[in-house]
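I opened this entry to record what I looked up in the coordinates, chain by chain. The notes follow the order in which I checked things.

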Amino acid sequence: MRRLSRWRSAASLPPGLDLCGESGLLDVTSGEASAEAAKPLPEPAVSDMPLLRIEGVAKSFGNFRAVDKLSLDIRAGEFFALLGPSGCGKTTLLRMLAGFETPDEGRILLGGNDIAQVLPHERPVNMMFQNYALFPHLSVRDNIAFGLRRAGMARKDIATRVAEMVALVKLEGLEKRKPDQLSGGQRQRVALARSLARRPQVLLLDEPLAALDKKLRESTQGELMELQRRLGTTFIIVTHDQEEAMTMAGRIGVMDAGRLVQVATPRNLYEAPASRWIAEFVGDINLFNGQVAARENGRLTVSTAEAGTLSVSELWPPVTKEVVSVAIRPEKVKLSRRAPASDEGGSHAINRLEGVVSDVNYLGGVTSYRVKLETGAVVRASMANTARLDVDAYLAGQRVVAWFTADDCLVLEQ
Amino acid sequence: MAHTVTRLTRFNMTSLALGLAFLYLPIVILVIYSFNASRLVTVWGGWSLRWYREFFNDRAMLDAAWMSLSVGAVSATLATLLGTLAAVGLARGERFRGRALFSGMLYSPLVMPEVISGLSLLLLFVALNAERGFWTVTIAHTTLTMCFVTVVVQSRLTVLDRSLEEAAMDLGCDPVRAFLLVTLPLIVPAIVAGWMLAFTLSLDDVVIASFTTGPGSATLPIRIYSEVRLGVKPEINAICTLVIALIAVIIVVASFASKLSSARGESAAPL
């Protein structure tokens with residue numbers, strides 16, 4: 001096993017002004033401590049080289065393939081979310097980054113060094129556990145200082161760093177408490193401070209907010225983002241909560257059955273999902289199966305059994321198959337009493353579907369409607385309640401036209 | 001009505017008194033009679049410390065008591081050491097071939113009749129031509145009590161969150177240090193309980209000790225047993241009272257120690 005001895009020197013730097021900014025993150029590979037290493041290290045990372053590179057990593061448990069030849073690049077200072085249903089392999093991938101699992105195949109390069117076989121305690125990576133895993137026999141202060149003591153930091157520096165961390169997560173006055181004397185939110189902060197105390201290059205967060213109630217979760221999301229911006233540390237978060245991933249992460253990697261099915265910004269993930277599965281997994285969507293009837297000028301005409309003929313703007317890359325699904329997000333479906341004026345040739349080709357409102361759900365900020373078409377298919381539409389006294393609200397049983405533009409539709413291969 | 005449940009009614013009082021009497025009356029009688037001045041066990045002759053003096057002058061009985069205490073302490077310590085290691089191996093180690101067989105074999109002394117254990121150990125010692133005495137009894141008691149320690153410690157380990165050890169490793173501990181700094185402090189109460197269980201079992205045992213001991217190195221229970229066969233002397237009551245007092249003290253001290261260790265946060269930190 002190769003030692004990452006540079007980590008120790010990074011951890012024992014005097015606590016300075018910058019919390020792991022430029023020097024903490026990038027200098028690590030140009031290493032002042034490379035003299036300690038037996039062999040000269042590979043070329044230092046250049047700016048366009050990602051901080052973390054996962055190359056063809058695979059891991060099986062018995063016959064179950066948890067992670068299947070997965071590759072991913074993560075840049076320094078990124079807030080990256082791994083999103084997926086339970087059992088998709090996201091936690092296994094995170095545990096391989098932390099060192100608790102060893103990949104069967106592939107490489108994990110951190111700043112150019114393969115750490116796939118490096119033991120957890122020798123990696124410049126820290127993890128915040130889902131259940132926080134605070135040491136119940138140690139006080140808040142000793143929990144935070146635990147990793148610093150192991151790094152052989154001087155007593156005085158440990159005290160300074162702990163005070164810094166306590167202030168960072170706003171736990172002043174609770175240093176002497178034991179974990180069982182803290183609330184859930186306070187425990188979460190201790191866990192965060194403990195995992196950040198060693199100034200890791202990468203912080204791994206395993207469902208960090210799952211144990212908090214909704215209100216606390218939302219405020220903590222904001223605090224995590226603020227903290228990440230201030231520290232500049234690379235955060236990799238694992239979550240099954242898409243709203244959480246969308247709120248916090250700069251990029252999201254969606255996983256399914258051990259594979260990474262799409263890596264995109266939250267907006268692209270939602271508006272341009274790479275597959276039908278992702279479109280259904282992220283957010284709500286109406287789907288109509290059909291066949292491509294005509295293609296011209298970047299416009300597809302799809303004939304569907306459920307919603308008649310639909311006009312759809314073609315996406316890039318264009319679909320190659322004839323059997324497709326037309327997808328439209330509920331908030332992009334508008335309702336009106338009369339059919340809107342048509343504009344067939346222009347960019348705003350409109351699809352009109354006549355039906356009867358079958359269900360109205362008032363949710364406060366939005367109202368979601370279900371419109372039953374004559375074919376029996378149901379279209380979901382959601383409309384923002386922009387006025388307190390909404391005269392435009394529709395009632396169940398009312399005849400309406402549900403309409404949406406060709407540009408708002410997605411065409412996905414089945 | 002709800003409040004009647006918590007109130008001490010006449011019926012509750014009576015059943016409580018009967019229950020406690022059933023459990024403790026024989027012991028109380030024994031303790032009282034240990035202060036009896038009379039030579040006859042069943043006749044009350046006034047208060048006296050005579051039989052305690054007698055015991056402290058009884059060389060053979062003192063030797064037996066010392067033998068029992070030292071066998072108990074040594075075998076309990078060995079059993080705790082081995083039992084804890086076995087528990088850690090079973091609860092935390094990699095799954096190895098024959099793991100189920102190993103754990104089954106480990107637990108067999110729990111259900112094995114003592115006569116069989118004692119006899120088989122005797123045959124072993126005879127075959128090895130080992131001189132029977134302190135060490136043979138100690139080894140026999142270690143094999144008897146180790147499984148109890150394993151059961152106690154393993155049950156604590158299985159409820160202990162594994163991510164605590166992972167967190168320790170994540171924060172820079174190698175697996176050994178993670179065990180010493182995080183796991184061990186958290187299972188100390190179970191280890192102490194295991195030691196006490198092993199000690200009392202050893203102190204209590206007659207059957208295995210009588211198979212494996214040699215001439216001149218009788219444990220206290222064997223000694224008492226052989227004395228009683230010749231007729232109960234009030235001195236026995238005094239000895240038993242002392243044993244009860246010893247065990248009571250151990251329990252009180254141990255519970256204080258575990259309270260103290262959970263109240264002090266720094267205990268494992270200064271390393």
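**Chain A, overall.** I am working from a predicted model, so I kept to local features with pLDDT of at least 70. In chain A, 66% of the contacts with a separation of 6 or more are between residues 24 or more positions apart. I counted ten helices and 20 strands in this chain. Of its 414 residues, 40% are buried.

**Confidence in chain A.** I looked up the mean pLDDT of chain A and found 84, with 86% of the residues at 70 or more. Which elements of chain A have the lowest and the highest mean pLDDT? The lowest belongs to helix H2 (residues 22–30) of chain A, at 37, and the highest to strand S3 (residues 79–83) of chain A, at 95. Over residues 1–46 of chain A, pLDDT stays under 50. The model still has 69 contacts beyond four places in sequence for that stretch. Where pLDDT is low, the predicted coordinates should not be read in detail. I took no local detail from there.

**Contact between the chains.** I listed the residues on each side: chain A gives 21 and chain B gives 18. On the chain A side, strand S6 (125–128) and helix H4 (140–150) are the elements that give two or more residues. H4(A) has the largest share, with four residues. I sorted the chain A side by class and got eleven nonpolar, six polar and four charged residues.

**Positive phi in chain A.** I next looked for positive phi values in residues other than glycine. A:Ala133 has phi near 50°. This residue is in the loop that runs between S6 and H4 of chain A. Is A:Ala133 buried or exposed? I found 26 other C-beta atoms within 10 Å, and the cut-off for buried is 20 or more, so A:Ala133 is buried.

A:Lys170 is another such residue, with phi near 55°. Its loop lies between helix H5 (155–168) and helix H6 (184–196) of chain A. A:Lys170 has 12 C-beta neighbours inside 10 Å and therefore counts as exposed, since the limit is 12 or fewer.

**A hairpin in chain A.** I checked strand S17 (residues 366–373) against strand S18 (residues 378–384) of chain A: they run antiparallel and are joined by seven bridges. In this pairing A:Lys372 is opposite A:Val378 of S18(A). The hairpin has four residues between the strands, and there A:Gly376 takes a positive phi near 100°.

**Chain B, overall.** I found twelve helices and zero strands in chain B. The C-alpha trace of chain B spans about 70 × 70 × 40 Å along its principal axes. Of the 271 residues in this chain, 31% are buried. Among its contacts with a separation of 6 or more, 77% are between residues 24 or more positions apart.

**H5 of chain B.** H5(B) is hardly covered, as one of its 13 residues is buried.

**B:Ala127.** I placed this residue in helix H6 (residues 114–128) of chain B. B:Ala127 counts as exposed because it has 8 C-beta neighbours inside 10 Å. Its C-alpha atom is separated by 23 Å from that of B:Thr145, 18 residues apart along the chain.

**H9 of chain B.** I ran the length check on helix H9 (residues 175–204) of chain B too.

The buried residues of H9(B) include B:Leu181, B:Val182, B:Ile187, B:Trp195 and B:Phe199. B:Gly194 and B:Ser202 are also among them. I looked up what covers the buried residues of H9(B), and the list includes helix H4 (59–92), helix H7 (134–159) and helix H8 (162–170) of chain B.

Definitions and conventions. Residues are numbered from 1 along each chain as its sequence is written. Chains are lettered from A and ligands numbered from 1 in the order in which they are written. This is a predicted model: local features need pLDDT of at least 70, side-chain atom pairs count only at pLDDT 80 or more; totals for chains, interfaces and linings use all residues. Two residues are in contact if their C-beta atoms, placed from the backbone, lie within 7 Å. Ala, Val, Leu, Ile, Met, Phe, Trp, Tyr, Cys and Pro count as nonpolar, Asp, Glu, Lys and Arg as charged, and the others, Gly among them, as polar. pLDDT is the predictor's confidence in each residue, from 0 to 100. Two strands pair if DSSP finds at least two bridges between them.
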